Amino acid sequence: MIETRLLYYFLAIAREQSITKAAETLHVTQPTLSKQMMELEAQLGKQLLIRGKKKITLTEEGAFLRAQAQEMINLMEKTESAFKADEEIIGGDIYIGCGETPAMEFITELFKEIQTDYPGIHFHIYSGDADAVLERLDKGLLDAGLLLGPMQQEKYDYINIFKSDIYGLLMPRDCSLAEKQTVSVADLYNIPLIFSAQTYAGHQRLEWFGVDYDSLNIVATYNLIYNATFMVEQGMGYAFCLGNLVSTDGNRNLAFRPFSPDLKIDLFIVTKKYQTFSPAAKIFLSHLREKLQKPAIT
């Protein structure tokens with residue numbers, strides 16, 4: 001079994017690209033660190049480091065170990081944080097994964113309430129598509145994910161937060177389509193589209209509404225909608241995205257038009273079944289359920 005100390009050592013070398021610099025940050029001698037890495041390579045039976053004259057680079061096996069080691073270290077630190085939570089003054093960390101969605105305003109309002117009651121709790125947001133969030137959730141690196149859905153997979157529990165995201169098109173303000181108040185699904189077939197690369201915000205969503213994804217003219221894809229706005233302004237295409245993510249006020253040549261009929265997707269907090277939660281994560285879920293039960297103030 002690999003010692004945790006060796007993983008820290010290896011990650012330091014990968015980060016600094018130098019055994020000498022890594023030894024300085026770790027407060028160990030360079031010969032000791034070199035010996036430890038040779039022993040690690042011998043233990044795994046693989047070369048991990050390419051020792052060049054100017055810098056250290058990773059072999060393919062070394063790159064794999066770096067990714068795995070970082071996840072293991074993150075998980076150990078998350079576990080240690082859960083045990084350090086004081087029974088009287090609760091502290092610790094809450095790890096939430098999410099995609100781009102206006103519903104994060106609701107989640108951050110909840111964070112603020114928890115922060116007021118428990119100043120020792122810290123919050124960590126991981127942004128990524130649904131696949132990335134679920135992968136980290138499966139590995140225990142996240143307490144919960146905020147996702148469009150539900151995906152109806154049996155290994156997860158779902159909490160409906162009673163928020164919906166509305167899909168539409170982001171387009172140049174001066175284009176002819178912007179003269180309409182809404183756009184139809186049929187409009188998608190006649191224009192160049194800039195599409196989200198996220199699995200659960202992508203072609204599966206459109207197929208649910210009877211759109212033939214393969215017949216669309218996809219000229220570009222994006223991961224973050226902010227970067228896609230520049231392609232829209234250049235007239236490269238129309239971005240299929242959620243509403244209220246991009247400001248269309250001010251000097252930018254942008255307009256958002258929702259679909260008619262509405263293309264709405266509900267949002268859910270997703271957790272793993274039978275998961276053991278830290279005290280901080282339990283407080284988050286408890287506050288979430290309590291907030292969902294309160295009637296809305298009008």
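Tyr167 stands opposite Leu242 in strand 9, where strands are DSSP E runs of at least two residues and helices are H or I runs of at least four, both numbered from the N terminus. This is a predicted model, in which local features need pLDDT of at least 70 and side-chain atom pairs count only at pLDDT 80 or more, while totals for chains, interfaces and linings use all residues. Residues are numbered from 1 along each chain as its sequence is written, and side-chain values use heavy atoms, with hydrogens and water left out.

Strand 6 and strand 9 run antiparallel and are joined by four bridges; two strands pair if DSSP finds at least two bridges between them. Strand 9 also pairs with strand 7, in the parallel sense and over two bridges. In strand 9, Tyr238 has Leu193 opposite. Five of the five residues of strand 9 are buried, so this strand is largely enclosed by the rest of the structure. Buried here means under 20% relative accessible area, exposed over 50%, and partly exposed in between, with a 1.4 Å probe and protein chains only.

In soluble globular proteins, nonpolar side chains tend to be buried together. A nonpolar core is a set of buried Ala, Val, Leu, Ile, Met, Phe, Trp, Tyr and Cys residues joined through side-chain atoms within 4.5 Å. The largest one has 46 residues, and Leu146, Leu169, Met171, Phe259, Ile269 and Phe284 have the most contacts inside it. Among the elements that each supply at least two residues of this core are strand 6 (156-171), strand 7 (192-196), strand 9 (238-242) and helix 9 (279-293). Another core, of 19 residues, lies apart from it and includes Leu7, Ala12, Leu48 and Leu65.

Leaving aside neighbours within four places in sequence, Leu169 is in contact (heavy atoms within 4.5 Å) with residues including Leu193, Tyr238, Phe240 and Phe259.

Some backbone features remain. Most residues other than glycine have a negative phi, and most peptide bonds are trans. Phe162, in strand 6, is not a glycine but has a positive phi of about 60°. Phe162 is exposed, with a relative accessible area of 62%. His27 lies in the loop between helix 2 (19-26) and helix 3 (30-44); its phi is positive, near 60°. His27 is exposed as well, with a relative accessible area of 72%. Ser260 and Pro261 are joined by a cis peptide bond, with omega about 0°. Pro261 belongs to the loop between strand 10 (255-258) and strand 11.
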